Amino acid sequence: MGKIILTGDRPTGRLHLGHYVGSLRERVALQEKGGYDEMFVFIADVQALTDNAANPEKVRQNVIEVALDYLSVGLDPEKVTIFIQSMVPQLHEMTQFFSNLVTVARLQRNPTVKTEIRMRGFGEEGGEQQAFGSGVPVGFFTYPISQAADICFCKATTVPVGEDQEPMLEQCREIVRSFNTIYGPVLVEPEILLPSKSVCRRLPGTDGKAKMSKSLGNCIYLADDPAEVKKKVMSMFTDPGHLKVEDPGKVEGNCVFTYLDAFAEPEDFPRFWPEYGSLDEVKDHYRRGGLGDVKCKKFLLAVLEDRLAPIRERRARWEKDIPGVYEILRKGSEKACAVAAKTLHEMKDAMKINYFDDAALIAEQAEKYNR
Ligand code: ATP
Ligand code: MG
């Protein structure tokens, strides 16, 4: 069986460094390596609406932002099918059939959805203890089911994402197993592909909070200009106990070092900080005392700028051809529809929802009534 890669992002804002290390960088590496049959990347506008129903314009505006971010990190529309979720209506039909295979209790156990509900303030009516208060939109509560359809439509084998997606992948695998057991072996169980560096599986925000997330406003965006990036790096959370340069400093929980773990490569030292041979040497010095935050931040800034400058340049080129970008999305959506229609057809065949194609059924019913 071939390898089919799929991932998506919600158009709720521009993409940030968390997306980059958690998933985008992996997608581009897979694209460059080749050896897969198909790669799909999609903009999850239907999912974005589950918690932005009153704000459709925000979602609409961000569809093109996410598309530009995809192209600017180097996803190549010749090698990858980029599409918009809402343009593939077969996904809704799949979601409906899948929703019969999942219990309310199972959905309530999803730890990522629980956290997100708290973050978005939906849980309030249910009180502190109960994440799933009556204020949660049904569509949001059930989005893991719709996400299973997003993965299954193309029989994805490989899903490169951050660790917050682990519960979604597990839910999807359970749905696939139930479907195949009840109706027959149509669907494929996907594997999660987490970044190899553990720090990249969930990059913290610039404020030191657990996750860089659009919803928390603690992001460095891929499209930020150099002045914005500089401002964010210079005001980044470090070690609050490291007051004077001579003081010993803590590296754990210090954003500058977390980001260096995620981004710095051995080659960066001769280029940007030849006084040190490796990140371990820098960390040792910081721990001993005598190395100031500003020096570390300047190095981080140099490393980030090295990665972001080509992304910005590519973005600037694509921004000059917005109609072309929409055309890429249109073509990609058409292709995704064709693939989804094929899988849906197989699913309905297995479920015996094929009344008009089933000559035997029609003959059998006719026979029953005309004996
Ligand atoms: P929202 O706040 O709207 O949920 P988000 O910033 O969490 O936005 P998503 O669109 O939900 O972004 O996530 C898209 C992909 O990026 C997922 O694969 C997710 O695992 C990954 N991702 C998002 N934030 C991070 C992060 N801080 N570290 C690693 N991966 C991340
Ligand atoms: Mg999210």
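Contact means heavy atoms within 4.5 Å. In this predicted model, local features need pLDDT of at least 70, side-chain atom pairs count only at pLDDT 80 or more, and totals for chains, interfaces and linings use all residues. Side-chain values use heavy atoms, with hydrogens and water left out.

**View 1. The whole protein chain.** Among contacts with a separation of 6 or more, 76% join residues 24 or more positions apart. The chain holds 16 helices and 5 strands. Helices (H or I, at least four residues) and strands (E, at least two) are DSSP runs, numbered from the N terminus. The C-alpha trace spans about 100 × 50 × 40 Å along its principal axes. Of the 371 residues, 52% are buried. Buried means under 20% relative accessible area, exposed over 50%, and partly exposed in between (1.4 Å probe, protein chains only).

**View 2. The largest nonpolar core.** A nonpolar core is a set of buried Ala, Val, Leu, Ile, Met, Phe, Trp, Tyr and Cys residues joined through side-chain atoms within 4.5 Å. The largest one has 62 residues. Which members touch the most others? They are Leu17, Tyr70, Leu222 and Tyr259. Domain 1 (4-102 + 142-203 + 322-362) and domain 2 (226-317) each give this core at least three residues. The domain bounds come from an automatic or database domain assignment. Apart from this core lies another, of 44 residues, including Leu6, Phe83, Ile117 and Cys154.

**View 3. Around Leu222.** Neighbours within four places in sequence are left aside here. Among the contacts of Leu222 are Leu15, His16, Leu17, Tyr20 and Leu24. Leu222 also contacts Asp69, Val73, Leu308, Ile311 and Arg312.

**View 4. Helix H3 against helix H15.** The axes of H3 (residues 56-73) and H15 come within 11 Å and cross at roughly 90°. H3 is therefore roughly perpendicular to H15 (65 to 115 degrees; under 35 is roughly parallel, over 145 roughly antiparallel, the rest oblique). Axes are lines fitted to C-alpha atoms, for helices over the stretch in contact, and angles run from 0 to 180 degrees between N-to-C directions. H3 brings Val63, Ile64, Ala67, Leu68 and Leu71 to the contact. H15 brings Ile322, Val325, Tyr326, Ile328 and Leu329.

**View 5. Two lysines with positive phi.** Most residues other than glycine have a negative phi. Lys155 has a positive phi of about 55°. Lys155 sits in the loop between helix H8 (143-152) and strand S4 (158-160). Lys352 has a positive phi of about 60°. Its loop runs between helix H15 (322-350) and helix H16 (359-369). Is Lys352 buried or exposed? Lys352 counts as exposed because its relative accessibility is 58%.

Key: Residues are numbered from 1 along each chain as its sequence is written. Chains are lettered from A and ligands numbered from 1 in the order in which they are written.
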